[in-house]
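Please read the following report alongside the sequence and the model. It takes up the interface first and then turns to selected residues.

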Amino acid sequence: MLKFKIERAPAPAWMRAIIPLLAVPVTFLLTTLFLLWADANPLQAYYHFLIAPLSSRVSAIEVLVKATPLLLTGAAVAFAFSAGYWNIGAEGQLYAGAMAGAWLGMILKGVSPLLGIPLMLLGGFTAGMLWALIPALLKVRLKVDEVVTTLLLNSVIVFLISFFLNGPWRDPISMWPQSPEIDPGTIFFKLIPRSRLHFGFIVAVAVLALEWLVLKRTAFGMRMRAVGLGKEAARFAGIKVNRTMLTAALVSGGIAGLAGVGEVAGIHFHLIESISDGLGYSGIIIATLGGLNPIGVGLAALFIGLIDTGAQTVSRAMNVPVYLGTVVQATLLLVTLGLFVLQNYRIKRG
Amino acid sequence: MEPFIIGLLAATLRVATPLILGTLGELFSERAGILNLGIEGTLFVGAFAGFAGAALTGSLWLGLLAAILFGMISGLLMALLTVRLGVNQHVSGLGLTLFWTGFSLFAFRLVFGESKVPPSIETFQTVSPFGNLPWLGPISSQHILTYFALALIPLTWWILYRTRFGLNIRAVGENPEAADAAGLNVYAIRTQALLIGGALMGMAGAFLSLAQLGAFTYGIVAGRGWVCIALIIFANWEASRVLWGALLFGGVASLQLRLQTLGLKLPYELLLSLPYIVTILALTLAGRNVSAPASLLKAYRRE
């Protein structure tokens, strides 16, 4: 086996900041193996992957489109994780928000956008919160581990949606397993004409800014981070740990719900089963890459949005399977996790 | 009615097989103190490596071997991250799941190209130890891997409770500090447990592609890894109880499929979500009495 040991030794401040950035070159070095396997010239591939998407207006906007739900799920996960509540359920909470959006889009016939859009946001937030409520209550009341409950509820809501889409909500016109198209008054308006970039992007940026304010500038944010650093110590300092965690969990679910509403009201205009396909799990990656800091989360979400777009570009241009994007994302996460250890520990030869 | 029940029972065993293998794999990891959420991805890469190995070499057994090998690589990566580096277990596990999902789909596309007709192979033959006996004959006509999975349940119990190795696994999962003080190598034991767990998960994945489907598809695993995570809790971390949970889930899944083909109007999606809901209820009712390994999710660092 590998012979090394790990000693507690905090790295100097300048290195702490550089370590997460180191993960990017290390990741691309590792994923070069996959490119060589696919018979692709790595430099050319990385050009298509990272630079080509930003060099045209259309694809640069598409990066922001891809980043919109990721900004929100990243913000959602980072908020819960900051308070030491391991919400693995952003995926399910996003679906809950999407369900609320589809339902409101069905019942709000002929509504004015001035009322429809705020109602959609409110509905999505509430639905995400409600889906997060069950595991959060189980955690604070009965000490039931939230990792497993939030994870399992992700599967439950996918079945629930499948039931609705094949039954009561099935689109009567197309008969596809999708809900009817939402009312025009509930659709998020476009930020740039003839693109897919919609109002949800502004919501996402606003949520992140607000999250930064709450976490860094309010007493509640201080309490949250204290709980996240150590529940026993926080309790000893007189902080109501359970109430803090419950609030963090519910707000986190609400933010993930907003991501779901955005996908319905800004991109698809109806609910489909594959509306997320892992956006909630990507939120966990993004929150981790961003070091749970809203600014870092924002940058990480944009970067993952770039990788998602770049994977499509490189796949079209060089016939490399599009799943390269998933491989790069996962490798980036694992490498970052490994490197984070260097922030507080020193690795010595065993 | 008779063929219906016989078919149902046979299908239940078939559906339960990968769940038993995967859950026992997860049991080894969790008993050593590591929650391995990489299971979903490890099942997926097992299904892929099994299929690719079999298709390229022409031997189903070499395919199975490849799946076991990839499962162990997955276990080793999990060990490197969570055991040696002490990184957050659930984020590492989810990261591995994402990695193996991307890896398998990427590799499948490279090896088999993009064809209209997905490539397929002949699956394992079933064995029928009871020949043509009524009831017993058709129900017992199963794959060898199914018999292996069933035999593995008492074997796992025996390893965990009757061998020095099993005692060590339980010791590092309950109290790694004490285990270390007693002279055990916590890192090595946890790594070994993850390797065994990974091998079983790889096998579970291979069962899906080599015995059940004869192909590799995007939805081949479809959340079975998460079912295993639920079954562990349902079984209260006891090998002997894994069987009942797996059979119950296999039974419900096979029954809904059969009722559907009979044309019965049932909310089968809701039926399928029952195992998850039952698990959450079980957790709720057991509350603080759940006997999860005491050091599950806690990294251990020798200071």
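How much area do chain A and chain B bury between them, and what part of it is on carbon and sulfur atoms? Chain A and chain B bury about 4500 Å² between them, and 80% of this lies on carbon and sulfur atoms. Buried area here is the accessible area (1.4 Å probe) that two parts lose on being put together, summed over both.

## Basis of the report

This is a predicted model, in which local features need pLDDT of at least 70 and side-chain atom pairs count only at pLDDT 80 or more, while totals for chains, interfaces and linings use all residues. Residues are numbered from 1 along each chain as its sequence is written, chains are lettered from A and ligands numbered from 1 in the order in which they are written, and side-chain values use heavy atoms, with hydrogens and water left out.

## The interface between chain A and chain B

The contact (heavy atoms within 4.5 Å) draws on 51 residues of chain A and 47 residues of chain B. Of the area that chain A buries against chain B, 14% is supplied by A:L152, A:F159 and A:Y323, more than by any other three residues. Across this interface there are 0 salt bridges, a salt bridge being a side-chain nitrogen of Lys or Arg within 4 Å of a carboxyl oxygen of Asp or Glu. The count of residue pairs in polar contact between chain A and chain B is 1, with both residues at pLDDT 80 or more. A polar contact is a pair of N or O atoms within 3.5 Å; within protein, one must be able to donate a hydrogen and the other to accept it, and residues adjacent in sequence count only if both atoms are side-chain atoms.

On the side of chain A that touches chain B, at least two residues come from each of β1 (4-8), α1 (13-37), α5 (113-142), α6 (146-166), α11 (279-289), α13 (324-344) and β2 (345-349). Helices (H or I, at least four residues) and strands (E, at least two) are DSSP runs, numbered from the N terminus. The largest share of this side of chain A is the 13 residues from α6(A). By class, this side has 37 nonpolar, 9 polar and 5 charged residues; Ala, Val, Leu, Ile, Met, Phe, Trp, Tyr, Cys and Pro count as nonpolar, Asp, Glu, Lys and Arg as charged, and the others, Gly among them, as polar.

## A threonine in helix α1 of chain A

A:T32 is found in helix α1 of chain A. With a relative accessible area of 17%, A:T32 is buried; buried means under 20% relative accessible area, exposed over 50%, and partly exposed in between (1.4 Å probe, protein chains only). Leaving aside neighbours within four places in sequence, A:T32 is in contact with A:P42 and A:Y46. The side chains of A:T32 and A:Y46 are joined by a polar contact of 3.3 Å.

## Aromatic pairs

The whole structure holds 29 aromatic pairs over all chains. Rings of Phe, Tyr and Trp (its six-membered ring) pair if their centres lie within 6.5 Å; planes under 30 degrees apart count as stacked, over 60 as edge-to-face and the rest as tilted. One of the pairs, B:F51 with B:F112, is tilted, at 5.3 Å centre to centre and 50 degrees between the planes. B:F51 lies in helix α2 (residues 39-57) of chain B and B:F112 in helix α4 (residues 89-112) of chain B, so the pair ties together parts that are 61 residues apart in sequence. Both B:F51 and B:F112 are buried.

## Positive phi angles

A:M175 is not a glycine, yet has a positive phi of about 60 degrees. A:M175 lies in the loop between α6 and α7 (200-217) of chain A and is partly exposed, with a relative accessible area of 48%.
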